[in-house]
Amino acid sequence: MRIASVARHAPSRVVTNEDFERWLDTTDEWISVRTGMKRRHWAADDEATSDLAIAAARRALADAKLEAGDVDCYIVATATPDYIFPATACIVAAKLGAVGKAAFDLSIACSGFIYGLTVAAGLVRSGVYQRILLVGAETLSKIVNKQDRSTAILFGDGAGAVVLEASEEDSFLGAELGADGSNPSTLFQEAGGSRHPVDHAAVDAGLQYVHMEGREVFKFAVTSMIAATDVALQRAHLSRQDIDFLIPHQANRRIIDAAVKYLELPRERVLVNIQEYGNTSAASIPIALAEAVEERRISRGDVVLFVGFGAGLSWGAVVWRWQ
Ligand code: UT7
């Protein structure tokens with residue numbers, strides 16, 4: 001299996017750190033130093049996750065010179081679907097013109113793209129499908145409390161899409177996926193599901209918004225990224241020195257720096273664009289990949305390591321040889 005094309009899309013509205021200073025007790029300095037973020041994109045009121053996913057998917061299909069009907073299966077990795085059901089992937093496939101093709105969502109929050117790559121690899125390498133379109137797409141701005149300075153500043157909206165296809169040379173070298181759901185409330189949207197349907201009391205208590213134990217997630221993020229990287233490398237029979245590019249989930253610059261320092265990777269091999277997008281959850285890795293490919297930073301034969309973590313708690317890493 002290989003990635004035939006990759007593309008990204010972000011909504012046009014840009015929210016800067018200075019913008020937040022106007023309505024929150026925060027500063028550009030605090031946000032920059034604590035997170036590395038400067039700007040993020042937020043969807044318009046009438047823009048949903050499928051709209052962003054479709055824009056990225058259209059570009060990926062065009063780059064691969066494919067029609068929507070040439071793809072056998074559509075997967076959308078997202079924590080912010082258009083609806084709880086039907087799956088956003090069904091809407092994406094239909095609007096692209098691929099009615100009748102397989103379509104489903106993958107719900108594992110920020111780890112979605114890593115899990116998605118692994119699931120898609122299983123489907124393509126086993127011969128079930130020839131081509132899969134995997135999109136990481138999010139509109140986290142729709143579910144953060146804009147008055148909560150500890151979460152509002154962190155998240156951005158966007159989408160990154162890859163067309164995966166069967167090929168002689170296999171890009172998928174190894175993976176590690178994991179989850180620990182012992183404490184779902186570490187990072188969750190409490191109301192809206194069957195545990196706590198949305199009602200007036202839930203809305204009055206703000207349970208429809210993202211709740212995060214930031215420090216807990218921070219500690220978990222660093223250790224899980226390091227461990228997942230090493231296990232995935234071991235499965236691929238490679239070592240840290242073999243990594244040409246590390247593309248980490250973009251949640252916090254300090255999380256990335258801490259993991260990279262421990263892994264002893266040179267700075268120039270680590271792709272970071274958090275300053276432009278904030279944390280776009282399942283979209284962050286494919287957006288960073290799309291940028292790197294546009295800038296021609298990645299060449300054929302390079303070993304790219306994707307690593308992420310998120311709500312669940314969940315984590316994962318995939319070792320990939322660029323073809
Ligand atoms: O995609 C996966 C999900 N998310 C993550 O991976 C996020 C993981 N966590 C983090 O990135 C960090 O924990 C945060 C960026 C969320 C917070 O950074 P921190 O260095 O862990 O700060 P903190 O939560 O320990 O808060 C330090 C102080 C607090 O004030 P006191 O209690 O010390 O007086 C906060 O109230 O900073 C305050 N604070 C802010 N101050 C200015 C929190 N948010 C802000 C803000 N502006 N936006």
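A polar contact, for today, is a pair of N or O atoms within 3.5 Å; inside the protein, one atom has to be able to donate a hydrogen and the other to accept it, and residues adjacent in sequence count only if both atoms are side-chain atoms. With that in hand, look at His249: one of its polar side-chain atoms lies 2.8 Å from an oxygen atom of the ligand.

Quick housekeeping. This is a predicted model, where local features need pLDDT of at least 70 and side-chain atom pairs count only at pLDDT 80 or more, while totals for chains, interfaces and linings use all residues. Residues are numbered from 1 along each chain as its sequence is written, and side-chain values use heavy atoms, with hydrogens and water left out.

Okay, back to the ligand. Asn279 also has a polar side-chain atom by a ligand oxygen, at 2.7 Å. For Trp30, an N or O atom of the side chain is 3.4 Å from a nitrogen atom of the ligand.

So who else is around? The shell has 23 residues, and Thr26, Arg34, Arg215, Asn252 and Asn279 come nearest; being near takes a heavy atom within 4 Å. By class, the shell splits into eleven nonpolar, seven polar and five charged residues. Here Asp, Glu, Lys and Arg are charged, Ala, Val, Leu, Ile, Met, Phe, Trp, Tyr, Cys and Pro are nonpolar, and the others, Gly among them, are polar.

Which helix gives the most to this shell? That's H8, with four residues. Helices here are DSSP runs of H or I with at least four residues, strands are E runs of at least two, and both are numbered from the N terminus. Domain 1 (2–169) and domain 2 (173–321) each supply at least three shell residues, with bounds from an automatic or database domain assignment.

Last stop, the backbone. Most residues other than glycine have a negative phi, and most peptide bonds are trans. Now find Phe85 and Pro86: a cis peptide bond joins them, with omega about 0°. Pro86 is in the loop between strand S4 (73–77) and helix H4 (88–96). Gly312 to Leu313 is cis too, with omega near -5°. And Lys65, in the loop between helix H3 (49–63) and S4, has a positive phi, near 55°.
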